Amino acid sequence: MTDSPDAPALAQVRRRLTRWYLATLGAVLLVLGGGLFLAIRQQFQRELDASLQGATREIERAAAIRQREASAPVPVVDALDELRIPGRRLFLFDATGKPIRPAEVPSWVRDAARTAARTGTADVTVELPAEETVRLHGERFTLRDGTVQVAVAVADEIELEAQYATLITAFGAAALVALVLVWAASAFLVRQSIAPVARSMAQMRRFMADAAHELRTPVTVVRTKAEVALQRPRDAEGYAEALRGIEVESRRLSTLVGDLLTLARADAGERPAQLVPCFLDDVTLDACDAARSLATVAGITLAIDDFEEAPVRGDPELLRQAVLILLDNAIKYSPAGGTVHVAVGRTGDLARLTVRDHGPGIAPADHARVFDRFYRGEHARGPRGETAPGAGLGLAIAQWIARVHAGRLALEDAPGGGTLAVLQLPPPSGHPTA
């Protein structure tokens, strides 16, 4: 099985759509990840600041204990020396920024302590020369005797960086898995969504090829007859015969072009059904009157059997065209001297039209394709084996008409031989789709 000529173009479209899906998801993940990172960073920063504030309060309590125990009659261990908070460096200053514990402190800590002594609090992030980033919180407090001191707690932000790295790693792994899954899903969905387009393009190409083939025959015949007629002078009867042949082929060409135009407008939605209350039996009688001359020429009897009033909501012009197509098919495939039976009635709420011929019937292999455009299988053979006229578009048009009326058209093997065409339409209270 060879690939369609459109396969490379469709494959390129599939790849492009898949890339767009991945790019869109990547952008969404990037924006989402950035927003999530900023939100969690702020949350981590608030938690670190809260931890440092808690550490300075511990320093304040230790300083208060230290002051109370300073007047003890026996020496006691300094509460500040005992204070240990993992991951935190603790400092105590007097109101002037002079360090109390420990005695030696970095200059940037002393500067922050002086700021806290002056303003009440200080929150500073410091970039140290050794590529270390620390967070500092200083807080001024007053002891019971009125002494003002400053507590400072410092934390290395490496713990935040570790949390960020863990977060980024987890999010990156999840995003990678999501991209792989979306790539697989998008490739599948794109292939599924492109499949109808590929089928439509293949059907369009086949339709155009079939249309060109069907149009070429009558055009070639018209041109040939005209060329033959002009090759040498002829009498009036000779020219009249040539013109009659041209007229026959022109009529066939006109019918074919009309059918193609009908289907093209149907596909484009340019011929919507104008649904109004009408009667299928009246439409059928009108179509039978129009088809009776065709039946007479072919030596076929057109018999109207059971007729019952059958109200429908439909487009009378389109319904008449569908009935004429069914009658024309029945007449073409009936043997000379045969009879085509037409009946209209109701089955439950449905209006029902049946057209039966006594022709060769439909070959089993053709049942699935009788409504395909330009399809002409064994059923296209007349009763004497000759190819019946037509381009294989009539049943496709009739099926489209049935569908726009929310109805159903079926071709069945008639009991005893021949073909039974059955058209069923909903009642006026139904809601057919146009």
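## The largest cavity

The largest cavity in this predicted model has a volume of about 160 Å³. Counting cavities of 30 Å³ or more gives one.

Its lining is made up of 14 residues. Those nearest the centre of the largest cavity are Asn329, Tyr333, Asp357, Leu411 and Thr419. By class, nine residues of the lining are nonpolar, four are polar and one is charged.

## Elements that line the cavity

Helix α7, residues 316-332, and strand β12, residues 419-425, each contribute at least two residues to the lining of the largest cavity. The largest share comes from α7, with three residues.

## Packing of α6 and α7

Two packed helices are described by the angle between their axes and the distance between the axes. For helix α6, residues 280-298, and α7, the axes come within 9 Å and cross at roughly 30°. Angles under 35 degrees count as roughly parallel, so α6 is roughly parallel to α7. The crossing of these two helices, α6 and α7, is right-handed.

## Residues in the contact

On the α6 side, the residues that meet α7 are Val283, Thr284, Asp286, Ala287, Cys288, Ala290, Ala291, Leu294, Ala295 and Ala298. Their partners in α7 are Pro316, Leu319, Arg320, Val323, Leu324, Leu327, Asp328 and Ile331. Of the residues in the contact of α6 with α7, 14 are nonpolar, one is polar and three are charged.

Definitions and conventions:
Residues numbered from 1 in each chain as written. Predicted model: local features only at pLDDT ≥ 70, side-chain atom pairs only at ≥ 80, totals over all residues. Heavy atoms only, no water. 1 Å grid on protein atoms, 1.4 Å probe; cavity = no way out; pocket = protein on both sides within 12 Å on 5 of 7 lines; lining within 4 Å. Points joined across faces, edges and corners; volume = space filled by probe spheres on them. Helix = DSSP H or I, 4+ residues; strand = E, 2+ residues; numbered from the N terminus. Nonpolar A, V, L, I, M, F, W, Y, C, P; charged D, E, K, R; others polar. Axes fitted to C-alpha atoms, helices over the stretch in contact; angles between N-to-C directions. Parallel < 35°, antiparallel > 145°, perpendicular 65-115°, else oblique. Left-handed = near helix turned anticlockwise from the far one by under 90°. Contact = heavy atoms within 4.5 Å.
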